[in-house]
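The following exercises concern the contact between two chains. Please examine the sequence and the structure before working through the solutions.

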Amino acid sequence: MTVQHKPFAITLDVGSSHLNKTGSWRSMRPVYVDRLPPCNKTCPSGEDIQGWLSLAEEEDYEGAWRLLTRDNPFPAIMGRVCYHPCEGACNRGSLDLPVGINSVERFIGEQGLINNWQFEAAEDSGKKVMIIGAGPAGLSAAYHLRRFGHAVTIYEAAEKPGGMLRYGIPKYRLPREKLNAEIYRVENMGVEITLNHKIEDINTARKAGGFDAVLICVGAQKSNMLTFEGDADIPVLDALTVLRDTELEKPNQLIGRVVVYGGGNSAMDVARTAVRLGAQDVKVVSREDPDNMTAHKFEIIETMEEGSEVINLRTIKSVNGHEISLEIMKISEQHHSGQLRVVGTGEFETLEADVLVLAIGQNVDPVLFENSAAIELQEHTIKVDSIMQTTQDGIFAAGDAAPSQRSVTSALGHGKKSARAINAWLAGKVYQPAPQNEIASFDKMEPWYYSDAPRTVQPHLDAVRRKSGFAEVVGDLEPDHAKYEARRCMSCGNCFECDNCYGICPDNAIRKLGQGRGYEFKYDYCKGCGMCDTECPCGAINMIPEDI
Amino acid sequence: MSKEETSTLNPSSRQTVKFYQTGTFTVGNRLLDEEFRTVQATTERSNSLDSGHRACQGCGQALGARYALDAAMRATDNKIIAANATGCLEVFTTPYPETAWSIPWVHSLFGNVAAVASGIAAALKSKGDSTTRVIAQGGDGGTTDIGFGCLSGMFDRNDDVLYICYDNGGYMNTGVQRSSATPAAARTATTMPVGDNPGSSFNTGKYLPTIAMAHEIPYVATASVHDLHDLERKVEKAMTFRGARYIHINVPCPLGWGSQPAFTIKLSRMGVECGLVPLFEAENGQLTDSTKIRYRIPVEEYLKLQRRFAHVLKPHNTHQLDAIRAIAENNIKRFNLL
């Protein structure tokens, strides 16, 4: 260094502060993480909900549809009939109200139908799989197996495919043109569906068709029945038969004063169907109090809006002529100490009825397995292991027939899981589910940054118009509203490129890599203050101790 | 975005009819048009104050200075000269022979930065250069105490300088002594928490934004580092005026406030949301606009994250807490913050 050429009193060249690697101050290091959003974790079909909402936010509806259908082939169906546990888990619920995930799913499903987007099957693997039952689990499994390249044949005992979607869910919740269109799309991938074909002997059918593997998705078709004391002079029907007969347009038996016994969603379906078929007076009798009925709140509310009466804390003791005797129940004060929650009071009242419908649950029909001794049943369902294989090698079971939550959504999830397990089994491997990331809980987020945005309400058909027919009750979202609702997603646990970390670092120690590529830390300069972690709206940064 | 459009982005209309997930509350937002994103969201930002400076972890002033100068750089097409009073900002950026500044920058004495900036503005005028703009900047000590005379003179002459004060409420790099901008009740090395009225005395100190307004200069604004869109808009708006302008930026100081470095932005936000830090704008001495509180919080939420106020939350000091609540209440009324 030559001192003489510098101005007076200056002895050193000007240096940049870049020489000063302040990263050495750090004791905690920020890292970018991906956390599992609660919606994705809760979805029984394992959808990447946050992922497709993100694409919908950008109006990339085809991208959203493709990502959604990676896990669930039926967005237009599920956007109507899913009970959306995702919304119950949504972190936005801690801020205002959960994102209307279900309504956006329906919108995306609708886009798929309007634009006629189709699925692609993978290249032929040479393997053949037989599926018994074309309900939601069977169709879902068929779809996923075709995506693996396996040939699929479904045998269905009924005259149309769809299972409970068709014969259990009334039209006012699921219009049949939507159901048919989405089933057709799966058939269009090369899935063969043989209708009116009941499999009596699984092993013989497997051998005869040369199938490498079998998946049983027969559902829970056998209604639980009760016999009552007394001398009944009215028809006692079961919910499944009533709903199936309605679908098949058989002569209506729901005439006059209809009493439905049960507190679940099927009971509501029957009551609402009865109203639509012109029953004079519809009453639902539930053993439970309103807060503990198994039916979903909105189902109960819509049922009551349509004029049905819900009678809580009653059980049927006897039926004599047209007179139903109800015992008045109460919630036991000692129920925490092991007693039944609801107990009888010994007091009775009566109810006049012309028809009684029992909606008290269903189970797997054991008759189906009389010729298949190797397949064990357990507690009214088929016994399966962690990869959904029954006690017989190469035969798997999914949906309501296997132990499950008994919802359409969990059936779709079962279909996917069993397809993956069968795919692994066909390759001589054992299916291993991918490990899950840490959950993105609300306390890891900074909600201040999210704009205030009240939840969009889907249009509902007026109660008076609902009663006169089977028109769909809940309407579609307008495109603008769907985009808005998608944008209410907070992207919990996964970076959505808001630039907060990049902007607020006092040391300019974050590099922005450009849209879609995220950011990286410049650890040479990061002092480890942790502001990026505190101010990350969605909780996609974690501070970890440095090795010192 | 042109300056005119920027200045019409009224703070109360920031959340307009369209909905963009985080709207304009985060630094950037992939759903917003590029022209509505902040300077800090772009990879082209100047980084006027760059990595390697020696500010403490989580320094609010280092952040505020980069925010303000990068916005000014964009607004003037990179034609900025900055004069810097002695203080934290000068000490941590320019330990001889290093500099963290990537703009033309000169260090003045503690008390004369406004005069130095006036001189630079005069020199540019005599050279006929009307595009290069001058910024003077300093901490609250160099502004409200030591440099107050020179600053008042600069306002008086309406010299074409934007003066930015980064207010962290004390002389922090010399060991946290009280300045006339230290808030009431705050503990500093010279206002210890002892006696009946521990910490800095009530009914003392001065609030420079309203003093600047009293000079009836073209533009006065207050800003806070948690609300970047608001801060950048005010800096860019200031550059549309000629004459003396003043921006007072609230910058939390983990060292002097006794707060976690990770909470700098959070405290900046909470200060505004509880009403103790009003954000407003004034032109020619008249209040023109104020940034509304989004979710009002009690002042104790803000105070409890700072050790300098620990004594205020003790049961025998409720009179201090009540007095601080009254200050927040008064700000809310005076500047129309709700």
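Two exercises with worked solutions follow.

The model is predicted, with local features requiring pLDDT of at least 70, side-chain atom pairs counting only at pLDDT 80 or more, and totals for chains, interfaces and linings using all residues. Residues are numbered from 1 along each chain as its sequence is written, chains are lettered from A in the order in which they are written, and side-chain values use heavy atoms, without hydrogens and water.

**Exercise 1.** Describe the extent of the interface between chain A and chain B.

Step 1. Contact (heavy atoms within 4.5 Å) links 53 residues of chain A with 50 residues of chain B.

Step 2. About 4600 Å² is buried between the two chains, 48% of it on carbon and sulfur atoms; buried area is the accessible area (1.4 Å probe) that two parts lose on being put together, summed over both.

**Exercise 2.** Identify the polar links between chain A and chain B, and the elements of chain A that touch chain B.

Step 1. Between the chains there are five salt bridges, each a side-chain nitrogen of Lys or Arg within 4 Å of a carboxyl oxygen of Asp or Glu.

Step 2. One salt bridge pairs A:Glu57 with B:Arg30, whose closest N and O atoms are 2.9 Å apart.

Step 3. Elements giving two or more residues to this side of chain A include helix H2 (49–57) and helix H17 (500–504), these helices being DSSP runs (H or I, at least four residues) numbered from the N terminus. The largest share, four residues, comes from H17(A).

Note on methods
A polar contact is a pair of N or O atoms within 3.5 Å; within protein, one must be able to donate a hydrogen and the other to accept it, and residues adjacent in sequence count only if both atoms are side-chain atoms.
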